[in-house]
Amino acid sequence: MMPILQLVDITHNFDGITAVADFNLLLGQNELAGIIGPNGAGKTTVFNLITGVYRATAGSISFAGTELVGQAPDRIAALGIARTFQNIRLFKELTVLDNVRIAHYSKVQYNPLEALFRLGGFHAEEEAVLEHSLELLALLKLDGYAAETAKNLPYGLQRRLEIARALATRPQLLLLDEPAAGMNPQEVARLLEFILWMHKEFNLTILLIEHQMHLVMNVCERLLVLDFGEMIAEGTPQEIQKNRRVLEVYLGEAPAS
Amino acid sequence: MGRNQEREHRTKQGLAGHRLLPVLLAGLFIVSLAIDRFELLDPYVQLIVMYIGINIILTVSLNLVNGYMGEFSVGHAGFMAVGAYTASFLTVKVLPVHLAAWFFPLAVIAGGLAAAAIGLLVAVPSFKTRGDYLAIVTLAFGMIVKSAVENIDALGGPRGFLGMEKLTSLPWVFFWVVFSLWVIRNLIYSNFGRGVLSIREDEAASALMSVNTKQVKVLAFAVSSFFAGIAGGLFAHLLQFINPRTFDIIKSTDILIMVYLGGIGSLAGSILGATVYTVILEVLRPLGVWRMVFMPLLLVILMLYRPKGITGLREFPWFIPFRDRLAGTLSREEGREP
């Protein structure tokens, strides 16, 4: 297994409160892994540390051989890590198409001066960005909404657009923060198929945070369990389901065996 | 309809006005030359038209930062002052009188560049943090410029600066208005411009989608300051007299009102806002000081009932470049899931 992302002894403090402590993670190329844990366990903090929203207090994060700690979020995104958000954060007043086009930012070569005079690769690159965006929207069955304002999309489609936008950055690693939040069982079932399809179609490594056990257990090859900022268990979904400490965290007392 | 056919159809739709606009602008430019040359317009009306033009430049440039990018800069008159004083100093003190008219465009550009340079100085530290910080810094900046000029004798201090010839003419104003609109349009409808818009929508998400937000913010602010400086140079050579009080907080507020009256994030809105506001101010001139009661009231009503301005985030189709206009006509119905 070729490692693509490696977190070594990552610790993060908020004003003296430890949100994540000595967290280690090794993610292989093309792996599909999940992080679970109770609310406030530090799952989203891990995503924020990987993507540069927070800077780790201690430890190192390396992605395909590059150290990420201390890098700006846009640099990290340009390196090939994309994410979605727990509470949808689209560019609401912009069109569906523009939401996706914006995510091409770091891949565009022409500079603002060339844009001003429409010189250099401007037209060719803009055409390519447009083509790729429409292609992505078509793949995700959002092409009928290209000219629609993002905020007018139904909830489920907004979630999908967020994924489309993340894919537009051409990531190697995709971080999904509670992709099934607010979805009904039918929608979750479709999302499950969708994640598996995307994993194959785009040759992605995926790390997801989720509370919906049905989704996590059926999609992830490997699970990590976080509680109070510490990793308490790691293994296949089958192993995690039987893990005593995990059961304790989720159910309080461990059932007598 | 097949995909190609549909594209062709949309191309035709998208083309409306596409070739007409340059012809129209060239025509208007010739008209402005004729008016200037043969005095076809009442001098007072001509003056108002030139004020409108200068205000359009100020409005569209502030709109870039406040409307398109969603930041809140309140010191636009300060950058205007930098441009006005730089250009005036050059034409009056540096350049020989008989050559001033020839070098006028260069003096105006120098004023713009000086304002842009100062804009960079303000932007770099201001954008290190987020939110209201820019408002406070630009507010302070406006005051600093005013008191700095008041204390520089070479610029006339509080008495003001004069000696400029009336070098600003209708064709020049027209040229600079079109140029500023063209520059901002071409920047907005580009990778950089999409970055600007995404910062307004959600700055954190924007950075996570690979937009270099720091760079985008600083560059947008510099471009905005540049055109404020250009407007300042034109203004100084129209009025032929400037003093520090010309560029106080009231002037900055005027520009803010024009942006929010016309419509944030819109070129058409900037033109509309500047025109309507300038004309209303002239019409209300007999009211004297009461104008200053009426205008804020107008602003309050506007904010309550049309918070995004008259055109608010919408654009006149002719101003939208071809590719983006086509994208706007993409099928809204076909290909949707039930």
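This passage describes the domains of chain A, the interface of chains A and B, and one helix pair of chain B. The model is predicted; local features need pLDDT of at least 70, side-chain atom pairs count only at pLDDT 80 or more, and totals for chains, interfaces and linings use all residues. Residues are numbered from 1 along each chain as its sequence is written, while chains are lettered from A and ligands numbered from 1 in the order in which they are written.

Chain A is assigned domain 1 (3–80 + 171–251) and domain 2 (91–155). These bounds come from an automatic or database domain assignment. The C-alpha centres of the two domains of chain A lie 28 Å apart.

At the interface, 35 residues of chain A are in contact with 35 residues of chain B (C-beta atoms, placed from the backbone, within 7 Å). On the side of chain A, two or more residues come from each of helix 2 (73–79), helix 3 (96–102), helix 4 (112–116) and helix 5 (122–139). Helices are DSSP runs of H or I, at least four residues long, numbered from the N terminus. This side of chain A has 18 nonpolar, 4 polar and 13 charged residues. Ala, Val, Leu, Ile, Met, Phe, Trp, Tyr, Cys and Pro count as nonpolar, Asp, Glu, Lys and Arg as charged, and the others, Gly among them, as polar.

In chain B, helix 10 (residues 249–262) packs on helix 11 (residues 267–283) at about 120 degrees, with axes 7 Å apart. Axes are lines fitted to C-alpha atoms over the stretch in contact, and angles run from 0 to 180 degrees between N-to-C directions. Helix 10 of chain B is therefore oblique to helix 11 of chain B (under 35 degrees is roughly parallel, over 145 roughly antiparallel, 65 to 115 roughly perpendicular and the rest oblique). The residues of this contact divide into 8 nonpolar, 4 polar and no charged.

Methods: Two residues are in contact if their C-beta atoms, placed from the backbone, lie within 7 Å.
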